[in-house]
Amino acid sequence: MSTTVSCYNPHMTFSHPAVYIPTTLTVLLAAGLGYTYYDFSMKLEATQSELASSTERVAALEDELASSEKISTELAERLREEEAIVDEFSDTIRELSGDIGHLTRLEEVDEELLQKYSKVYFLNEHYHPGQLEKIDQEYVQKSEEEYVHKKVWPFLEEMLEDAEDDDVELRIISAFRSFDEQTSLKSHYDVVYGAGTANQFSASQGYSEHQLGTTIDFTTPQLGTNFNSFDQTEAYEWLENNAHKYGFVLSYPEDNAYYQFEPWHWRFVGEELAEDIHDDNTSFYDMDQREINKYRADMFD
């Protein structure tokens with residue numbers, strides 16, 4: 001007898017859920033990954049685009065900076081050029097100011113004061129040095145009053161005081177003499193010594209440095225009016241070593257071409273010229289007049 005076995009299995013009529021879960025998850029994962037990839041791709045593209053844009057802006061800024069630096073360099077160069085022009089104008093202005101100042105001082109100083117006289121240049125009878133200052137009587141050897149050019153007095157006074165500090169007694173025997181006074185003095189010498197002899201030590205009127213008011217004849221209390229031996233005194237030695245510091249020079253040194261040696265006769269020419277004459281071991285009358293004139297503007301500085 002054949003037996004038929006029933007193969008009925010109630011579970012076989014339904015799909016087991018576990019069989020289909022992996023497939024669904026894969027689909028979901030794939031979809032998720034695809035979206036994520038897409039989103040990442042979009043963000044990456046956007047970032048790359050933004051980076052490219054930023055790079056372009058950086059490049060543009062670098063170009064602008066380079067252009068600005070070029071402009072800045074050009075401006076700096078132009079600034080230096082303008083500063084150089086300004087400096088040049090400033091130098092020119094200073095030079096012109098100096099020239100104007102020099103000319104102004106030149107006009108204020110009497111042109112006669114540095115002229116060569118003594119048989120060289122004539123000073124007429126109408127000339128007067130302007131303001132004169134009375135010399136303190138303590139420094140005057142005689143009882144008569146003596147006067148000197150007002151602007152010379154401060155230099156002379158300082159020299160007399162400094163000599164006194166060095167125990168040297170300087171006295172003044174003669175200072176300013178007018179044209180008429182020189183006429184009378186020269187006439188007296190002509191009578192006493194004869195014109196030929198008088199001409200060796202006394203200037204005729206109009207040729208005397210004393211008329212300028214800048215010239216002093218010195219003596220000492222011991223010599224008084226008899227000052228022919230003044231060169232043998234300590235006072236003369238002091239003047240030789242120091243007078244130039246105060247603007248005075250010896251007009252007629254030994255072996256000059258104009259008059260006999262006059263150690264007592266000193267003329268104010270200004271400190272600068274006196275210093276140069278002393279340093280060069282020359283004399284006023286050995287210099288060219290054009291060279292002397294260069295010192296006139298600063299004569300009283």
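In which sense do β5 and strand β6 pair, and over how many bridges? In this predicted model, β5 and β6 (residues 265-268) run antiparallel and are joined by three bridges. Within this pairing, Val249 finds its bridge partner in Arg267 of β6.

The pairing belongs to an open sheet of four strands, which follow the order β3-β4-β6-β5 with antiparallel pairing. The edges are taken by β3 (171-174) and β5 (248-250); each has a single partner strand, so one side of each lacks a neighbour in the sheet. From one strand to the next, the twist averages 45 degrees.

Strand β6 also pairs with β4 (residues 215-219), again through three bridges and in antiparallel fashion. Here Ile216 stands opposite Trp266 of β6.

What, then, of the faces of β6? In a regular strand, side chains alternate between the two faces of the sheet. In β6, His265 and Arg267 lie on one side, while Trp266 and Phe268 lie on the other. These four residues are all buried, and both faces of the strand are covered. Two of them return to the pairings described above: Arg267 is the bridge partner of Val249, and Trp266 sits opposite Ile216.

How values were computed. Residues are numbered from 1 along each chain as its sequence is written. This is a predicted model: local features need pLDDT of at least 70, side-chain atom pairs count only at pLDDT 80 or more; totals for chains, interfaces and linings use all residues. Side-chain values use heavy atoms; hydrogens and water are left out. Two strands pair if DSSP finds at least two bridges between them. Helices (H or I, at least four residues) and strands (E, at least two) are DSSP runs, numbered from the N terminus. Axes are lines fitted to C-alpha atoms, for helices over the stretch in contact, and angles run from 0 to 180 degrees between N-to-C directions. Buried means under 20% relative accessible area, exposed over 50%, partly exposed in between (1.4 Å probe, protein chains only).
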